[in-house]
Amino acid sequence: MKSNEEYLKELFNKYDEIKATKGKSDLYKNRINKQLPNKFLKTVAVSFLCLVSTVGIVYAGIQTYNKIWKEPDTYKFSEERKITEEDISKSLTEEEAVAKAKKITEDLGKTFGNVTRAELIKNVSANRMDWYIGTDNQISIRIESETGKLKQISDWSIDDAKIPSTVSKEEAKNIAKEIYLKLGYNDGEYEIASLSQNAIGDGTNLWQVDFCKKYDGIYNYYQDIRISFIPEVKQLTILTIFDYPYEDNPIVIAKEDATNIAKNKAKELGKDESRIKEITTTLSIEKMNAFVYSQEQFREQAKEENTKTVNIENTIVYRTEDIIRKVWVVEIEYYSDFAAIDDYYVDTTTGEILGGDSTK
């Protein structure tokens, strides 16, 4: 069985079959696992990539671009959530955080109230520190601890369960646009990617809309203005802002090649290829994560006799960089007594696996 590196090298060697590369292929073969030595060669590489792309060889830049993946940092589950003196020194003081929260709240036309809670929280999933501020009039707000930038605000001063649902989806959509524009965003800056009525429980009347940026026809949920609201009274209940930097990387890796890369990795992780029920490959924009590392860890734990007594506090967790890129999401569904689906995120430019997800 070929490793992914061997598979990518095999794809890369197909350059020799293209007449346009005659006499130049050695330059690119030597690029495997190396960076281009200077700006001139990088310019040549990009020009060559464009030439090859015109003849439909979508895997042309597999090793031309710098690798994205870096081995993630490791932490113990218990240690990762501890707030250090360094964290505190980099953060706004409580007084500064409250002042920022008050201004943001009032700028949104809401009453701030009296502070009942002010707490510095390590937001592990987002790789950042937040100040959480709560008030006595059911306003809560999260801001980045260093910059005071708004990440989320909630207003539960109106009970949505007491307001009967009367609007259609189209009416809710128009009200969502109205709220979006009142927040100061420009028409067309973000597009509605999804709109649905939240079924949190019986008697609730909340809608949620995601206004996302769009690249090559793909919605980016990591650049997202997410609004929960009560349409009948035009009440903004929850505003969450996702604004990760996005690297608008080109689509170089072919869909078929991405599928094979993911299948290869699944076999390396001990998955039974004969049990595959279906494979679906689609373009998406996703955040790098340590899915593959976690799968390898779980596989090693499964080999141990006493896996049922694993102490979660001592479990190793991984933290990756906040890198958002275009990927091929390769969904592999297996025949099983229960749902078993693994997703692999294959970078559309380099062919690296940048993460994934698992549903069981």
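Colleague: How many aromatic pairs does the count come to?

Modeller: The model is a predicted one. Two rings are taken as a pair if their centres lie within 6.5 Å. By this rule, the number of aromatic pairs is 7.

Colleague: What is the geometry of the aromatic pair of Tyr 215 and Tyr 246, and how many residues apart in sequence are the parts that this pair ties together?

Modeller: The rings of Tyr 215 and Tyr 246 are 4.3 Å apart, centre to centre, with 45 degrees between the planes, which makes the pair tilted. Tyr 215 and Tyr 246 are both buried. Because Tyr 215 belongs to strand S7 and Tyr 246 to strand S10 (residues 246-247), the pair ties together parts whose separation in sequence is 31 residues.

Colleague: Is the pair of Phe 291 and Tyr 344 stacked or edge-to-face?

Modeller: Phe 291 is in helix H9 (residues 291-303) and Tyr 344 is in strand S14, so this pair ties together parts 53 residues apart in sequence. Both Phe 291 and Tyr 344 are buried. Their ring centres are 5.6 Å apart and the planes make an angle of 80 degrees; with over 60 degrees as the cut-off, the pair is edge-to-face.

Colleague: Which strands are the edge strands of the open sheet of 8 strands?

Modeller: The order of this open sheet is S2-S3-S4-S5-S9-S8-S7-S6, and its pairing is antiparallel. On average, neighbouring strands of the sheet are turned by 15 degrees against each other, direction ignored. An edge strand here pairs on one side only, and this applies to strand S2 (115-123) and S6.

Colleague: Within that sheet, which residue in S8 is the bridge partner of Cys 212?

Modeller: Strand S7 (residues 206-215) pairs in the antiparallel sense with strand S6 (residues 191-198) over 7 bridges, and with strand S8 (residues 218-230) over 9 bridges. Cys 212 in S7 stands opposite Glu 191. In S8, the bridge partner of Cys 212 is Asp 224.

Colleague: Which residue takes a positive phi in the hairpin of S7 and S8?

Modeller: Of the 10 residues of S7, 7 are buried, so that strand is mostly covered. Between S7 and S8 the hairpin has 2 residues. The residue with a positive phi, near 50 degrees, is Asp 216.

Colleague: Is Leu 239 buried or exposed?

Modeller: Leu 239 lies in strand S9 (residues 235-243), which 8 bridges join to S8 in an antiparallel run. Apart from residues up to four places away in sequence, Leu 239 touches Leu 150, Lys 151, Gln 152, Ile 153, Leu 183, Ile 225, Arg 226 and Ile 227. Lys 151 is 88 residues from Leu 239 in sequence, yet their C-alpha atoms are 8.1 Å apart in space. Because its relative accessible area is 2%, Leu 239 counts as buried.

Colleague: With which side chain does the side chain of Glu 352 make a polar contact?

Modeller: Glu 352 is in the loop between strand S14 (341-347) and strand S15 (353-359). Its relative accessible area is 10%, so Glu 352 is buried. Leaving aside neighbours within four places in sequence, the contacts of Glu 352 include Asn 66, Trp 69 and Tyr 345. At 2.6 Å, the polar contact of the Glu 352 side chain is with the side chain of Thr 350.

Terms used:
Residues numbered from 1 in each chain as written. Predicted model: local features only at pLDDT ≥ 70, side-chain atom pairs only at ≥ 80, totals over all residues. Heavy atoms only, no water. Helix = DSSP H or I, 4+ residues; strand = E, 2+ residues; numbered from the N terminus. Buried < 20%, exposed > 50% of the residue type's maximum accessible area, 1.4 Å probe, protein only. Polar contact = N/O pair within 3.5 Å; in protein donor to acceptor, adjacent residues only side chain to side chain. Contact = heavy atoms within 4.5 Å. Pairing = 2+ DSSP bridges. Phe/Tyr/Trp six-rings, centres within 6.5 Å; stacked < 30°, edge-to-face > 60°. Axes fitted to C-alpha atoms, helices over the stretch in contact; angles between N-to-C directions.
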